Amino acid sequence: MSDKQKRPKLRTHVWVIYVLSIILLSVTWYFQWILGIMMMILLAVSLYYSIRSEQALQDEAEKYITTLSYRIKKVGEEALLEMPFGIILFSEDYKIEWANPYMNQFDDGTLVGDSLHTLSEDLIPMIKENKDKIWFELQGYVFETVVKKEERLLYLFDRTEQSELQTQYRNEQTVLGFIFLDNYEEITQNMNDTSKSHLNSQVTSVLNEWSKKYGLYLKRTSQERFLAVGTKQILEQLEKGKFEILDEVRELSGERNTPVTLSIGIGVGDVDLPTLGELAQSSLDLALGRGGDQVAIKDESGKVRFYGGKTNPMEKRTRVRARVISHALKELIKASDNVIIMGHKAPDMDSLGSAIGILNIALANDVPGYIVFDPEDVDTGVHRLVKAIKQDKELWQYFIDPDESESIINNRSLVVVVDTHRPSMVANEVLLQKSDYKVVIDHHRRGEYFIANPTLVYMEPYASSTAELVTELLEYQPKKLKLSMLEATALLAGIIVDTKSFTLRTGSRTFDAASYLRAKGADTVLVQEFMKEDMEVYIKRSKLIERAEMYRGQIAIAKAEKGQVHGPVLIAQTADILLTMSEIAASFVISERSDGRVGISARSLGDINVQVIMEKMNGGGHLTNAATQIDDITVDEAEQMLKQILDEYYEGSDSK
């Protein structure tokens, strides 16, 4: 019994009264002993009665406390055993030592002796990570588990209904989509009304059947544009099917058997409808910027997912657009104090040639122009071209290093970025923040990361190279523009290298641009001189090719030995050569780089979309030409990651 329960027989104030009474009794006894005897007897009786009464009260209190303790203990035991949630005690080696009866419903016998791993594979790792709360699913129930690690105790609360409500809320979130017929105008421009009406009917019929199948609301808002409204659950079903509607529409064709292609931009997230519409439009712009025939999905965080894009973009740009862009660029240049041009890091022929072309446009409009060039960032593939440029004093004077470019730029400078659109890949990213006017000219498919707030964008993913785009812009500049032989040759070298000597991604406009450059004095023999390679490089590439292995019957994967470092140009050339061999539809070359990262260069003949594969490894590029660089990974790990992504890619293709 506690100290509070061990009370004296009489309380203090009673003893005080009796002490005072004894004192008064003593005085009375002294003066009247007979009265004193009578009073003493009465006092003794009173004391006896008080002690008995106090004892009775104490006995009654103790009895009540004993009864109450028993009831509390019983209630505690019943509560522990009959609580509508799970309670588990586990040992130091994470085995269940005791579980209340609530947990017996999840096991025919008893859970005692089993590992926590039998409940969930995530439990033990998360307990080791000192997680206070863990959510997991067990036999169709969703539990929120509170962990008391010091007591080795788990409380499991059934949150199945809450989880179902959350899932229902998430599934019913509104999703907006904009559907655009990429080449509708080009296909129908020469059609008569009957043929056009028939094509419209075919497209509408296919899209209506698709929307009914998945429960989408679909409305045609113009000849080439549709609005789709659905839910997140419908979107998940569409993603599982890899948006087979792209293939179904592509089977339709207009005159000359030209396939019809779709681009779809989708906005999703817990945001208001106007924001959802902006996300959908931004996604559509992204899909179109990557060449069309694909789906882009953007959520409220800005994360983008892509589907489709498995066909080569059609050459559909017009001379009108090139002339409009050229005129707009001329006006921007004239309004600027100077023009600073930069390509990507480790520039190639296309990047250097394009930069030289833009430099000529700036000089033709009487505005100073400069090319940002880092002499320490030159790959062996362009060192002959760089050497020729250095020998041309008239041209070399316009090349400046990144540090010097920061000293001459001001808020009225025009920054022109060629052959890339990713901020992290430009020669000097600082320049993008120091100027209010930026122009992007690129032939790569648009990726998730893009230079912010560009004044003018000329992106044509169906062009062979950026050099081809720049050459067309040159044709609409002032007549006093005169390309030197070396400058024209540099542009032609960019086209030849990117098209693999006019064998890949080559359209009629590519030959028009090459013809223009030849007329300006471009030397094809000099291009071959620029493209020559050293014997040492040839041997390294041959050793890489020797290590190539076949995967899935038609994919060649070449992996450099651990510790061997190769430049991006060499592994790209290796991938190109592998692609020329029989029965190889795609090639991937993996190697360590001088910057400590692992580089992968990917090539294909068009049946396999290497851009999509490289994007899943934080890279990008074209349908047939892509690459990536990965941090904190070994060559072997990169190979395993690549094979896993290839497996997912093939499984997605087979499910169609």
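The largest cavity is lined by 16 residues, and Val-175, Leu-216, Ala-228, Leu-238 and Ile-266 lie nearest its centre. A cavity here is a set of points, on a 1 Å grid over the protein atoms alone, where a 1.4 Å probe fits but cannot get out, and lining residues have an atom within 4 Å of a point. The model is a predicted one: local features need pLDDT of at least 70 and side-chain atom pairs count only at pLDDT 80 or more, while totals for chains, interfaces and linings use all residues. Residues are numbered from 1 along each chain as its sequence is written, and side-chain values use heavy atoms, with hydrogens and water left out.

The volume of the largest cavity is about 100 Å³, volume being the space filled by probe spheres set on the points, which are joined across faces, edges and corners. In total, 2 cavities of 30 Å³ or more are found. Strand S6 (174–181), strand S8 (225–231), helix H7 (232–240) and strand S9 (262–268) each contribute at least two residues to the lining of the largest cavity; helices (H or I, at least four residues) and strands (E, at least two) are DSSP runs numbered from the N terminus. The lining comprises 13 nonpolar residues, 3 polar ones and no charged ones, where Ala, Val, Leu, Ile, Met, Phe, Trp, Tyr, Cys and Pro count as nonpolar, Asp, Glu, Lys and Arg as charged, and the others, Gly among them, as polar.

Attention now turns to the cores. The largest nonpolar core holds 57 residues, of which Leu-329, Ile-358, Val-416, Ile-441 and Leu-517 touch the most other members. Such a core is a set of buried Ala, Val, Leu, Ile, Met, Phe, Trp, Tyr and Cys residues joined through side-chain atoms within 4.5 Å, buried meaning under 20% relative accessible area with a 1.4 Å probe and protein chains only. Helix H11 (residues 349–364) gives the largest share of this core, 9 residues. Apart from this core lies another of 32 residues, including Tyr-184, Ile-234, Ile-245 and Val-268.

Burial also marks strand S21 (residues 598–604): 7 of its 7 residues are buried, so the strand is largely enclosed by the rest of the structure. Val-598, Ile-600, Ala-602 and Ser-604 point one way from S21, and Gly-599, Ser-601 and Arg-603 point the other way. Strand S20 (residues 586–592) runs antiparallel to S21 and is joined to it by 7 bridges; two strands pair if DSSP finds at least two bridges between them. Strand S23 (residues 625–630) is also antiparallel to S21, with 6 bridges, and Gln-629 in S23 stands opposite Gly-599.

Methods
1 Å grid on protein atoms, 1.4 Å probe; cavity = no way out; pocket = protein on both sides within 12 Å on 5 of 7 lines; lining within 4 Å. Buried < 20%, exposed > 50% of the residue type's maximum accessible area, 1.4 Å probe, protein only.
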